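Please look through the structure shown below before reading on. The questions that follow take up its parts one at a time.

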Amino acid sequence: MSTSEPLKVMAEPWDELDGAPALSRAPRGAASIVPKSSIAVRSLGAVVAIMTFLASLTTGAAMLVVSTASTWQSEVGREITIQVRPQPGRNIDADVSKAADLARGTAGIAEVQAYSKQQSEQLVEPWLGAGLHLDDLPIPRLVVVKLVRGATPDFAALRNALAAQVPTANLDDHRGWIERMRTMAGAAVIAGLTVLGLVLAVTVLSVTFATRGAMAINRPIIEVMHYVGATDSFVAGQFQRHFLLLGLKGGAIGGGTAILLFGCVEAARAWFAGTPGGDEAAALFGSLSIGVDGYLAIAAQIIAMAVVTALVSRYTVSRTLATIE
Amino acid sequence: MIRFENVGLRYGLGPEVLRDLTFRIDANSFQFLTGPSGAGKTSLLRLLFLALRPTRGLVTMFDQDTATLSKDGRATMRRRIGLVFQDFRLLDHMTTYENVALPLRVIGKDEASYRPEVVELLHWVGLGERIGALPPVLSGGEKQRAAIARAVIARPQLLLADEPTGNVDPNLGQRLLRLFIELNKSGTAVVIATHDIALMDEFDARRLVLHEGRLHVYE
C-alpha cells in the first residue's frame, strides 16, 4: 500500500454485531495530547502557585527592607545637630543663637531650627516628667540643621568656627549613627537576600519534584506517542508547552495574590496616613511600597517559575524517552 | 521488505533469547508468529518494531540497515509500521477518534485534512457510533478495533499485532482475524503474534514458529 494513497475501505468486515449503545457525539477535534487535568497536575499547579506566592512575599519583604533602610539613611544623613552645653558664666541662649547663625552662614544648609527652652523641656518630658525647669539641670540645648538635598557642606569649617566662637558647642554629623545604620541595613539586606535565595531554591526543587511526579503518571502517554512514530522533540515539545502554560497559570495565581497583598498594604498605608498609627508605621517601615521594581520582580518570578516548570518537564520527558529505544 | 540475517538478541549479560534468526517478510505477505510462552515472540516483535536493537546480526527494513539509523530516523521508520498491543494502549483522556488520529497528529498533519479519513476508518472497523466515546466505556473488542484502527490509519506497510485476540472471546477473535485479512488484502503486510492454534487454523498463512530462541519457518 502506498503511503500517498488514501486508505481503501474494503467490504465492511464488521457488521456491528456488538449492538453497542450509540454514542453519536461528533468528533470533538484535536484534544490536548497531554491530559489537561489530573490530581498530579492539579497538585503541581498548586505547588507552583504557593511557592511563587512565598517567593514573591520574600522578594517584596527584602525590597521593603532595602527601601526603608535607604530612606532611614537618607533622612538621618540630611540632618546634623549642634549641641550647646550649659556652662557657668555663659549665656546659653546667646550661645544657641550664635551657633544657629554660624550654621545659617554655611553653604548647603537648608534650614536651621534652634530648640527653645520650652521645646527642650518637651523633649525630655517623657523621661523626666512635666513641669521641669531646665535651669536646675545642666541639659544641653539643640540646634537641628537640615541640609540641602545632595549638598555636602564644609563641616570642618563649621566645626572650627563653632570651636572659636561658641566653645561650649559641638557638632554631631551623625556619622557614627549612619555607619551603624548602614551596617544594620546591610545585614538586613543580606539576610533578606539569603532568605530569598533559599525560598527560590526550595521553590525550584519543589516545582522540579512536583513536575517529575506529574510526569511519572504520563509515562504511558509518552510511550504510546513514541510507538506511533513521534520524534523525541515532538513529544518533549508537547509536554514542555503544556507545563509552561501550567507554570504560568500557577505562577500568575501565586504572584498575583502577592501583588494584590502588597497593593492592599500600600492602600492601607495611604488610607491611614496622617493618623498617629499610620505615621508611626511610616516612620518605622517607610513607604510600605515595593514600588514598580518590586512588582516587576514578582512578574519576573512568575515567568521564571513557568520556565523552570517547562524545562524540568522537558528534561524529565527526555530522560524517559532515553529509556525507551 | 524486512530481512533478518543471523540475528541474535540477549538482555544484558543473560543468555541469548533469540538465536541465528534468518528470515524475510515480504510486502503484502501474511504470517503468524507463534511458539510457546517465553519462546521470544514479544522480543522478536520488539526487534521488528525497532523497540530493541539486536546484539548481533543484520536487520534490514525497507532497504535500510537499522543499525545505522539515528533515533529520529527510527521514529520516522516506525511510522511505516503499525503496532497493535495486546493491552490496547489507548489513551484514556482521548476519544476513540482522537486515539485513532494520533499517528497523523504526530507527523504534523492538520486535523481538517485527516478527519474524513479517520471517521471512515472508524466506520469500517464498526466504531462509527463510538467516535466520541472515551476508552474506559468501550468493550474489549471495541478497544482492540480502535487499537487496530490507530495502527493502520497512517497506512503502514507492515502491521504487527501482539496477541490481538488474547483478551477477547473466540468469536470476537475470528472477527478480528477477518479484519486483519481485509487489511492485508488492501496491501499491508501483517504479522500476528499468537499462540492461539484455533485462530491460526482459521486462515492458511505462513507460520514463523519460535522454539527455544530459534525460528522455524513454515511456508
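**Questions on two chains**

Q: Does A:Leu137 count as buried or exposed, and why?
A: A residue is called buried if 20 or more other C-beta atoms lie within 10 Å of its own, exposed if 12 or fewer, and partly exposed in between, with C-beta atoms placed from the backbone. A:Leu137 has 10 C-beta neighbours inside 10 Å, and therefore counts as exposed.

Q: What kind of model is this, and how are its parts numbered?
A: Residues are numbered from 1 along each chain as its sequence is written, while chains are lettered from A and ligands numbered from 1 in the order in which they are written. Local features need pLDDT of at least 70 and side-chain atom pairs count only at pLDDT 80 or more, whereas totals for chains, interfaces and linings use all residues, since this is a predicted model.

Q: Where is the place of A:Leu137 in chain A?
A: Helices (H or I, at least four residues) and strands (E, at least two) are DSSP runs, numbered from the N terminus. In space, A:Leu137 is 9.1 Å from A:Pro86, C-alpha to C-alpha, although 51 residues separate them in sequence. The place of A:Leu137 is in the loop between α3 (117-128) and β3 (141-147) of chain A.

Q: How many helices and strands are there in chain A?
A: Along the sequence, chain A follows the pattern α-β-α-β-α-β-α-β-α-α-α-α-α. Counted by kind, chain A holds 9 helices and 4 strands.

Q: Is A:Met305 buried or exposed, and why?
A: A:Met305 belongs to helix α9 of chain A. Two residues are in contact if their C-beta atoms, placed from the backbone, lie within 7 Å, and, leaving aside neighbours within four places in sequence, A:Met305 is in contact with residues including A:Val48, A:Thr52 and A:Gly247. Because 28 other C-beta atoms lie within 10 Å, A:Met305 is buried.

Q: What is the angle at which helices α5 and α9 of chain A cross, and is the crossing left-handed or right-handed?
A: Axes are lines fitted to C-alpha atoms, for helices over the stretch in contact, and angles run from 0 to 180 degrees between N-to-C directions. The axes of α5 (residues 175-216) and α9 (residues 291-322) of chain A come within 9 Å and cross at roughly 45°, which makes α5(A) oblique to α9(A), given that angles under 35 degrees count as roughly parallel, over 145 as roughly antiparallel, 65 to 115 as roughly perpendicular and the rest as oblique. A crossing is left-handed if the near helix is turned anticlockwise from the far one by less than a right angle, and right-handed if clockwise; that of α5(A) and α9(A) is right-handed.

Q: What is the bridge partner of B:Arg3 in β4(B)?
A: Strands β1 (residues 2-10) and β4 (residues 56-61) of chain B run antiparallel and are joined by 5 bridges. Within this pairing, the partner of B:Arg3 is B:Thr60.

Q: How many of the residues of strand β3 of chain B are buried?
A: On one side of β3(B) lie B:Phe30, B:Phe32 and B:Thr34, on the other B:Gln31 and B:Leu33, and both faces are covered. Strand β3 (residues 30-34) of chain B is mostly covered, the number of buried residues being 5 of 5.

Q: Which residue of β9(B) stands opposite B:Leu33?
A: Strand β3(B) pairs in the parallel sense with β8 (residues 189-193) of chain B over 4 bridges, and B:Leu33 stands opposite B:Ala193 there. Another 4 bridges join β3(B) to β9 (residues 206-211) of chain B, which also run parallel. In β9(B), the residue opposite B:Leu33 is B:Leu208.

Key. Pairing = 2+ DSSP bridges.
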